[in-house]
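My entries follow in the order I made them.

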Amino acid sequence: MKSVLIVSLCLLFCYSCSVRAVEEPPRMPERTLTEVHSGLFYQSADTQALQNDNFANPGLLWVDRGLTLWSDDSAPGVPSCAECHGNISQMRGVATRYPTFAAEKNRLLNLTQQIQECRVTRQHHDPLPYESEILLALTTAVVHQSKGLPFDVTLDKQTYPYWVAGKNYFYERRGQMNLACNHCHEHYAGRMLRGDRLSQGHGNGYPAYRLQWQGVGSLHRRLRFCNQGIRAEPFDYGAAEYVSLELFLAWRATDLVVETPAVRR
Amino acid sequence: MTNARIAIPSPIKSGDVIEIKTLITHPMETGLRYDSMGQVIPRNIITQFECRCGPDLVFKALLNRGIAANPYLSFFFEVVSNCTLEFTWQGDKNFYLREVREIRIDR
């Protein structure tokens, strides 16, 4: 309790002098969760069984699509993903390091945005909408390669300001309901919210198959859905605010492993 | 973009009863929902699934609305000889997908 008070006082102090700790070297801050559970932990036995089924997990349909797209060389003069990157299995571990700072773009990019970059600059495709089937399938297939690996995002001088922004977002009240992420996902994780059990809000299963969507959706879709739930204006897909939050969430889920494609209610 | 997953166990001995599992991407739109403009979203479902071993019918299913998206079907099949299994899904809007798998009896 005391430490919470001190932290909130520090935060207040930071705000009051409008200084954001952007230039400071990263200190490893304390994690607020004492026990970390994946979203899978809060699902019903049926949903858990569906996710763990190596055939019937419907998210694998998107993985299959992604694998086809990975080696698709049907367009003349356009190298396939496989031509530069080799077999997709060599992407193992890559997804755990995203979001990452892209020096050439001078901003934080998540994996979907990196794939978009690659498609536009190297394959000369037109940019696709963030939540398009192709980007979703490719992202799912690439993240799936890291299944079972823990998150490993880098917190350094360049990514730290984004981490701070993501953290501020997580603990900031918003929307008509005036709720912050932590209210549901830290204070009340495990409790019921209408018919659903609140999770700790980790992104380790995304892109995930949500039974409600009857399809695979990105983490940003999930975040937009959360925002709508508390009657806040959602940001666009791929918004910088969400990518920063994604970095914070990846850091926050450091003890968890990638589950993509997860099945969620 | 439509794709299907088909699982056939292996190895197979003659006389084995094997479980064949299929999964396919499809929205299975019921035709009972309305869009934001108040218009009925037309029905778009898979209406029929068939699995044939040459000319012989192995399994057939007539699907109706009310089945969730990306339908999963599994059935059992007694293997007596090597054969080519042909899977077809048909549905609204001239939906058609065909997949072929070889069944080999291992000695």
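**Entry 1: helix α5(A).** I listed the buried residues of α5(A): A:Leu111, A:Thr112, A:Gln113, A:Gln114, A:Ile115, A:Gln116, A:Glu117 and A:Arg119. Buried here means under 20% relative accessible area, exposed over 50%, partly exposed in between, with a 1.4 Å probe and protein chains only. Helix α5 spans residues 111–121 of chain A, and eight of its 11 residues are buried, so the rest of the structure largely encloses it. I then looked up what these buried residues pack against: β2 (107–109), α6 (133–144) and α10 of chain A. Contact means heavy atoms within 4.5 Å. Helices (H or I, at least four residues) and strands (E, at least two) are DSSP runs, numbered from the N terminus.

**Entry 2: ground rules.** This is a predicted model; local features need pLDDT of at least 70, side-chain atom pairs count only at pLDDT 80 or more, and totals for chains, interfaces and linings use all residues. Residues are numbered from 1 along each chain as its sequence is written, chains are lettered from A and ligands numbered from 1 in the order in which they are written, and side-chain values use heavy atoms, with hydrogens and water left out.

**Entry 3: chain A overall.** I noted 10 helices and seven strands in chain A. Of its 265 residues, 49% are buried. I also checked contacts in chain A between residues at least 6 apart in sequence: 68% of them join residues at least 24 apart.

**Entry 4: α7(A) on α10(A).** At what angle do α7 and α10 of chain A pack? Helix α7 (residues 160–170) and helix α10 (residues 240–252) meet at about 90 degrees, with axes 7 Å apart. Axes are lines fitted to C-alpha atoms, for helices over the stretch in contact, and angles run from 0 to 180 degrees between N-to-C directions. That makes α7(A) roughly perpendicular to α10(A). The cut-offs: under 35 degrees is roughly parallel, over 145 roughly antiparallel, 65 to 115 roughly perpendicular, the rest oblique. On the α7(A) side I found A:Tyr162, A:Trp163, A:Ala165, A:Gly166, A:Lys167, A:Tyr169 and A:Phe170. The α10(A) side includes A:Tyr242, A:Leu245, A:Phe248 and A:Trp251. By class, this contact has 11 nonpolar, two polar and two charged residues. Ala, Val, Leu, Ile, Met, Phe, Trp, Tyr, Cys and Pro count as nonpolar, Asp, Glu, Lys and Arg as charged, and the others, Gly among them, as polar.

**Entry 5: α9(A) on α10(A).** Helix α9 (residues 219–229) of chain A crosses α10(A) at roughly 100 degrees, and the axes come within 11 Å. That makes α9(A) roughly perpendicular to α10(A). From α9(A), A:Leu219, A:His220, A:Leu223, A:Arg224 and A:Asn227 make the contact. From α10(A), I found A:Tyr242, A:Val243, A:Leu245, A:Glu246 and A:Leu249. The class count is six nonpolar, two polar and two charged.

**Entry 6: rings.** I found 21 aromatic pairs over all chains. Rings of Phe, Tyr and Trp (its six-membered ring) pair if their centres lie within 6.5 Å; planes under 30 degrees apart are stacked, over 60 edge-to-face, the rest tilted. A:Trp62 and A:Tyr209 are edge-to-face, 5.9 Å centre to centre, with 65 degrees between the planes. This pair links α3 (residues 59–70) with β5 (residues 208–210) of chain A, 147 residues apart. A:Trp62 and A:Tyr209 are buried. A:Trp163 and A:Trp251 are also edge-to-face, at 5.0 Å and 85 degrees. A:Trp163 is in α7 and A:Trp251 in α10 of chain A, so the pair ties together parts 88 residues apart in sequence. Both tryptophans, A:Trp163 and A:Trp251, are buried. Ring pairs join A:Tyr160, A:Trp163, A:Phe170, A:Tyr171, A:Phe248 and A:Trp251 into a cluster.

**Entry 7: charges over rings.** The cut-off is NZ of Lys or CZ of Arg within 6 Å of the ring centre and within 35 degrees of the ring normal. A:Arg65 lies over the face of A:Trp62, 5.2 Å from the ring centre. A:Arg221 has its charged end over the ring of A:Trp213, 4.1 Å from the centre.

**Entry 8: A:Val263.** Is A:Val263 buried or exposed? A:Val263 is buried, with a relative accessible area of 0%. I placed A:Val263 in strand β7 (residues 263–264) of chain A. Beyond neighbours within four places in sequence, its contacts include A:Gln43, A:Leu50, A:Pro58 and A:Tyr209.

**Entry 9: B:Arg33.** B:Arg33 sits in the loop between β2 (17–24) and β3 (46–53) of chain B. B:Arg33 is partly exposed, at 47% relative accessibility. Residues up to four places away in sequence aside, B:Arg33 touches B:Gln39, B:Val40 and B:Ile41.
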